[in-house]
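Please keep the sequence and the structure in view while reading.

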Amino acid sequence: MTTLRRMSEEEFVQYNDFSIVAFAKEKVAAGNWTEEEALEKAKTTHAELLPEGRHTEDHFLYTILNEKGENVGSLWICKQSPDKAFIYDIRVSDDYQGQGHGKKAMILAEEEARKIGVQRIGLHVFGHNTVARKLYENLSYQTTNVVMEKDLPAKNEEYTKKNP
C-alpha cells in the first residue's frame, strides 16, 4: 500500500539536492541545456519556484511511502490557479520502481489536488521518458502540447536524397 506524507525539513533538503541534479540531467538529455550550464540553471529554477523551501505558498511536497513506511520517492504539486494544479515532480527511487508506487502516487496526487480545491491537474514529461508517458496515458492524461526537434545534418543531404 502506497501512501503520501508531507515532507519533513530533512527530507526536503535531501529531495531538493537530488532533484536539482536530476532536473539538470533531464534538461541536458532533452537537449534544452548544455552540461556546462545545466546545474546552475536547475539551481536557479528551483530557487525561483521554491523561495521559501517546503513552506512556499501553494506548493505541496510529499514523501511517497510503501507499505512498510519506507521512503520510496517524492511528489511535488503546485496550485497554479484556483482551478488547476501542476505536478512539478514525481519520482520513485530506482530500487522501488516497477512495484506500482508511481501509479498509486499519481492517483493520490489527484486526491491531494482535489483537497486543495482544483478540478484539473497537469504535468510535464520529457519526450525521452517513455515509461512515464505510458503511465500518464494509462491514467487518462491527455497530450496538450508537443514540441519536436531535429538535428540537422552538416549538409542538406537528407533533403537532396528525397528531392533530387
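Predicted model: local features only at pLDDT ≥ 70, side-chain atom pairs only at ≥ 80, totals over all residues.

- Five strands make up an open sheet with mixed pairing, and their order is β1-β2-β3-β4-β5.
- Because β1 (3-6) and β5 (120-123) each have a single partner strand, they stand at the edges, and one side of each is left without a neighbour in the sheet.
- On average, and with direction ignored, neighbouring strands of this sheet are turned by 35° against each other.
- Strand β3 (residues 71-81) pairs with strand β4 (residues 84-92) in the antiparallel sense over eight bridges, and S74 has R91 in β4 as its bridge partner.

**Aromatic pairs**
- The count of aromatic pairs comes to four.
- One of them joins F86 and Y88 in an edge-to-face arrangement, with 5.2 Å centre to centre and 70° between the planes.
- F86 is buried, with a relative accessible area of 16%, whereas Y88 is partly exposed, with a relative accessible area of 31%.
- Y136 and Y141 form a tilted aromatic pair, with 6.0 Å centre to centre and 55° between the planes, and both of these residues are buried.
- F86 and Y88 also belong, together with W76, to one aromatic cluster.

**Charges over rings**
- R6 lies over the face of Y62, at 5.7 Å from the ring centre.
- K27 has its charged end over the ring of W33, 5.1 Å from the centre of that ring.

Terms used: Residues numbered from 1 in each chain as written. Heavy atoms only, no water. Phe/Tyr/Trp six-rings, centres within 6.5 Å; stacked < 30°, edge-to-face > 60°. Buried < 20%, exposed > 50% of the residue type's maximum accessible area, 1.4 Å probe, protein only. Lys NZ or Arg CZ within 6 Å of the ring centre and 35° of its normal. Pairing = 2+ DSSP bridges. Helix = DSSP H or I, 4+ residues; strand = E, 2+ residues; numbered from the N terminus. Axes fitted to C-alpha atoms, helices over the stretch in contact; angles between N-to-C directions.
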